[in-house]
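Student: Could we go through this structure together? I would like to begin with the strands and then change topic.

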Amino acid sequence: AVLINVASTLNMTDVEVVAQRQGIVVRAGTATLKNVTVDATLEYLDWADDLYNPSNWGSGNEVAYGALVVGNPTVGAYLADAIVNIEGCNFTCNTADQEVASFTAALYAYKGTSYKTEVTATNTTFDGYIVNYGNTATLNGFDDDTVITALIKTSVDWANIDKFTATPNEDYYFLQVADVIAETMLAKFCGTYDGNGYKLTRDYNEGETDCLINEINGATTIK
């Protein structure tokens with residue numbers, strides 16, 4: 001519905017945004033939102049079902065599903081900080097498609113370049129996941145226990161956990177959103193792994209160690 005991707009300023013007050021795959025996207029620039037309601041009614045697009053991982057993002061709105069998407073992984077494009085200040089807002093995602101619902105975030109933030117990605121929220125509700133991919137963005141006014149480091153949907157997502165947990169951080173929170181057959185063992189793990197009611201199994205070859213995690217690398221909760 002609304003997208004800014006250059007060093008600019010967006011001010012929205014007392015506005016209702018009705019959207020589909022995304023409500024508001026800030027890839028660069030500064031957005032100030034006051035008393036804004038965003039209602040994203042999501043529909044499945046086969047080319048977009050891997051965009052919950054920012055390594056697959058493209059240009060423009062070729063980013064994750066979500067009511068609010070902030071940040072940028074593309075070096076050499078969108079050359080400005082992505083800053084969002086929110087007060088008295090409500091962000092909601094609706095869909096009848098359970099697969100889409102499983103990997104959709106009410107807020108998705110990612111800092112993938114040298115420019116800042118920062119979201120500050122007061123008196124605001126998010127009906128859905130809050131994802132700060134890799135804990136890379138700065139989120140102010142959020143409960144750390146509700147912020148997800150990464151959504152785990154495939155064996156590739158599982159293997160990518162190693163990129164984060166090599167450095168201990170008890171704030172990591174990984175949420176599984178589909179049944180996963182892991183093809184690799186994690187070298188180290190720390191933080192929280194939430195299976196979310198899905199199955200996680202290991203597909204291993206003869207001679208390989210039959211386990212999912214080789215070493216616990218700090219405070220860990222698995223549920």
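This is a predicted model: local features need pLDDT of at least 70, side-chain atom pairs count only at pLDDT 80 or more; totals for chains, interfaces and linings use all residues.

Student: Which strands form the open sheet, and in what order?

Tutor: The open sheet consists of four strands, ordered β12-β13-β15-β17, and their pairing is parallel.

Student: Which are the edge strands?

Tutor: They are β12, residues 150-152, and β17, residues 216-222; each of these pairs on one side only.

Student: By how many degrees are neighbouring strands turned against each other?

Tutor: The average for neighbouring strands of this sheet is 25°, with direction ignored.

Student: How many bridges join β12 to β13?

Tutor: Three bridges link β12 with β13, which spans residues 173-176, and the two strands run parallel. Within this pair, Ala 150 is opposite Phe 174 of β13.

Student: Now to β5. What joins it to β2?

Tutor: Five bridges connect β2 (residues 22-41) with β5 (residues 90-94), and these strands run parallel.

Student: A change of topic: how much space lies in the largest pocket?

Tutor: The largest pocket holds about 190 Å³ of space.

Student: Which residues line it, and of what class are they?

Tutor: The lining is made up of Asn 132, Asn 135, Ala 137, Thr 138, Leu 139, Phe 142, Asp 144, Val 147, Asn 169 and Asp 171. By class, four of the lining residues are nonpolar, four are polar and two are charged.

Student: Last topic, the backbone. What is the phi of Asp 14?

Tutor: Asp 14 has a phi near 55°, which is positive although the residue is not glycine. For context, most residues other than glycine have a negative phi.

Student: Where does Asp 14 lie, and is it buried or exposed?

Tutor: Asp 14 belongs to strand β1, residues 2-19. Its relative accessible area is 60%, so Asp 14 is exposed.

Student: What about the phi of Tyr 78?

Tutor: Tyr 78 also has a positive phi, near 55°, and is likewise a residue other than glycine. Tyr 78 sits in the loop between β3 (66-72) and β4 (82-87).

Student: Why does Tyr 78 count as buried?

Tutor: Tyr 78 counts as buried because its relative accessibility is 14%, and buried means under 20%.

Terms used. Residues are numbered from 1 along each chain as its sequence is written. Side-chain values use heavy atoms; hydrogens and water are left out. Two strands pair if DSSP finds at least two bridges between them. Axes are lines fitted to C-alpha atoms, for helices over the stretch in contact, and angles run from 0 to 180 degrees between N-to-C directions. On a 1 Å grid over the protein atoms alone, a cavity is a set of points where a 1.4 Å probe fits but cannot get out, and a pocket is an open set with protein on both sides within 12 Å along at least five of seven lines; lining residues have an atom within 4 Å of a point. Grid points are joined across faces, edges and corners, and a volume is the space filled by probe spheres set on the points. Ala, Val, Leu, Ile, Met, Phe, Trp, Tyr, Cys and Pro count as nonpolar, Asp, Glu, Lys and Arg as charged, and the others, Gly among them, as polar. Buried means under 20% relative accessible area, exposed over 50%, partly exposed in between (1.4 Å probe, protein chains only).
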